[in-house]
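Here is a short tour of one model, for you to follow with the structure open beside the text. We will look at a helix, an aromatic pair and the nonpolar cores.

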Amino acid sequence: MGKGCVAATKYFLFLFNLLFFIFGAVIMGFGLWVMLDNQSFIMVLHESSTTLKVAAYILIGIGSLSMLMGFLGCIGAIYEVRCLLGVYFTCLLLILIAQVTAAVLIYFQRDLLRNEISTIVNTILVNYTGHNKTSELAWDYLQSTMKCCGWTGPSNWTENMLIKSSQKNNSQILYPCSCRNVSISGTDVKESGLCQSLYPEWPVFTMGCISSVEDWLLRNYGVVLGVCVGIAVIELLGMILSMCLCKSVQQEDYTKVPKY
């Protein structure tokens with residue numbers, strides 16, 4: 001391999017590792033967002049879903065490891081350290097295998113994940129008290145911003161313990177305040193808690209939140225998938241370039257390799 005090709009390979013590998021570092025930062029940032037976000041549907045699931053917590057930790061781990069590998073790859077490319085390039089290639093291969101395995105598991109467990117989400121939401125609705133719990137505030141935020149009510153519809157709220165108790169005692173007609181449709185006459189609009197209805201029919205949105213949530217999940221799933229595909233492409237290119245550079249170091253000039 002000529003010196004010009006070696007130099008081109010070295011700087012291309014440096015560029016790809018810089019991109020690899022940036023994509024790793026994006027993945028880690030997404031994982032941190034899943035862990036820390038408190039104003040979206042993620043927060044509704046986060047308190048009860050072990051799967052989501054594990055997924056967030058995996059994203060943070062993969063992102064931080066990708067950043068480390070990008071940094072090491074840049075160093076190995078610039079100084080042409082064969083040992084470091086070999087370790088870099090091995091780690092990239094292991095990361096790629098782990099990503100493919102995770103993608104396959106998520107694909108085949110998608111129905112289980114959907115059922116888990118439904119169970120979590122129904123539990124929140126049944127036990128809802130309006131006492132400013134984080135998951136309840138997140139669900140109120142979701143209903144008010146997406147203009148929906150319940151998981152599949154307002155009827156899901158009829159299983160709420162406080163609403164059922166009030167209906168059983170015929171004391172008052174309660175409904176979730178965050179479901180309030182302002183185009184329908186009724187009580188004052190509140191952001192959370194349970195409100196008293198003046199009429200037997202609730203002044204709420206009739207559409208369930210499942211459609212909006214599924215669209216939200218699909219949009220975010222596309223972002224994650226796109227980032228992962230981009231990472232995989234850079235990983236493959238990095239593996240090819242690292243092996244080419246490692247081979248050229250062995251054949252060309254050993255004086256460039258730092259002494260240990």
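## Helix 6 and its end

This is a predicted model.

Helix 6 itself covers residues 134-146. With 13 residues at 1.5 Å a residue, helix 6 should span 18 Å, and because its end C-alpha atoms are 18 Å apart, the two values agree. Which residues of helix 6 are buried? They are Ser135, Glu136, Ala138, Trp139, Asp140, Leu142 and Gln143. As background to such a pattern, residues three or four places apart in an α-helix point the same way, because there are 3.6 residues a turn.

## An aromatic pair

The model has 1 aromatic pair. Its partners are tyrosine 128 and tryptophan 157, whose ring centres are 5.1 Å apart; their planes stand at 90 degrees, so the pair is edge-to-face. Tyrosine 128 belongs to the loop between helix 5 (110-127) and helix 6, while tryptophan 157 belongs to the loop between helix 6 and helix 7 (161-169), so the pair ties together parts 29 residues apart in sequence. Both tyrosine 128 and tryptophan 157 are buried.

## Two nonpolar cores

Tryptophan 157 turns up again in the largest nonpolar core, which has 21 residues: Trp139 and Trp157 touch the most other members. Helix 5, helix 6 and strand 1 (174-176) are the elements that give two or more residues to this core. Helix 5 provides the largest share, 3 residues.

There is also a second, separate core of 20 residues, with Phe20, Val227, Ile231 and Met239 among them.

Technical notes. Residues are numbered from 1 along each chain as its sequence is written. This is a predicted model: local features need pLDDT of at least 70, side-chain atom pairs count only at pLDDT 80 or more; totals for chains, interfaces and linings use all residues. Side-chain values use heavy atoms; hydrogens and water are left out. Helices (H or I, at least four residues) and strands (E, at least two) are DSSP runs, numbered from the N terminus. The expected span of a helix is 1.5 Å times one less than its number of residues. Buried means under 20% relative accessible area, exposed over 50%, partly exposed in between (1.4 Å probe, protein chains only). Rings of Phe, Tyr and Trp (its six-membered ring) pair if their centres lie within 6.5 Å; planes under 30 degrees apart count as stacked, over 60 as edge-to-face and the rest as tilted. A nonpolar core is a set of buried Ala, Val, Leu, Ile, Met, Phe, Trp, Tyr and Cys residues joined through side-chain atoms within 4.5 Å.
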